[in-house]
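This briefing covers the aromatic pairs and the strand pairing in one structure. The sequence and coordinates follow.

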Amino acid sequence: MKVDPQTRRQFCARTCSAAALAALGTAVAGALQSCGGGGSPTSPGGSLSSLPQVNGATSGSSSITVNVDGTALANTGTPALVRSSLGDVLAIRTGESTFNALSSQCTHAACEITAYSGQSFVCPCHGSQFDANGKVLGGPAPSPLRQYATQFANGVLTISA
């Protein structure tokens, strides 16, 4: 029988579930810190806002479409996490008809970026910060986020992944 190796993150995600926390109470809080939880010296400080989530539809095998009307992306400067079957993408409206779309996977430890603070996307695992173009503003991320091409017409954002 072959056993797939687990990463530390996968182990902690399974071990430190919400049900385990409820069942074990404060004893698990110490274990959570050892799994890289809020007590990590590299975790982000300050107040983070969770990114609003927007559902995207797949168009072909490499495009995601989003009807932006009525979503967070309807307003310039507002970021969102676009969820789709092709994967998740960070998106932000940068102008009347312009958007940036970026990989939601941090280049440090492959955590999903789900937070925003000020004008920065923030990785909740170790605090890496990225601007709206994906440029690293603060480490430990070693490289910028991957950018995807976007098109916008008739209220529909198309992201070419």
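In this predicted model, there are two aromatic pairs. One of them is formed by Phe99 and Phe152, and the other by Tyr116 and Phe121.

**Aromatic pairs**
- The rings of Phe99 and Phe152 are tilted, with 5.0 Å from centre to centre and 50 degrees between the planes.
- Because Phe99 sits in strand E7 (residues 99-103) and Phe152 in strand E12, this pair ties together parts that are 53 residues apart in sequence.
- Tyr116 and Phe121 are arranged edge-to-face, with 5.0 Å from centre to centre and 70 degrees between the planes.

- Phe152 is partly exposed, at a relative accessible area of 24%.
- Both Tyr116 and Phe121 are buried.

**Strand pairing around Phe152**
- Strand E12 (residues 147-153) pairs with strand E13 (residues 156-160) in the antiparallel sense, over five bridges.
- Within strand E13, Leu157 is the bridge partner of Phe152.

**The sheet**
- Eight strands make up an open sheet with mixed pairing, in the order E2-E5-E6-E7-E12-E13-E4-E3.
- At the edges are strand E2 (53-55) and strand E3 (57-59), each of which pairs on one side only.
- On average, neighbouring strands of this sheet are turned by 30 degrees against each other, direction ignored.
- Strands E7 and E12, which hold Phe99 and Phe152, are adjacent in the sheet order.

Methods:
Residues numbered from 1 in each chain as written. Predicted model: local features only at pLDDT ≥ 70, side-chain atom pairs only at ≥ 80, totals over all residues. Heavy atoms only, no water. Pairing = 2+ DSSP bridges. Helix = DSSP H or I, 4+ residues; strand = E, 2+ residues; numbered from the N terminus. Axes fitted to C-alpha atoms, helices over the stretch in contact; angles between N-to-C directions. Phe/Tyr/Trp six-rings, centres within 6.5 Å; stacked < 30°, edge-to-face > 60°. Buried < 20%, exposed > 50% of the residue type's maximum accessible area, 1.4 Å probe, protein only.
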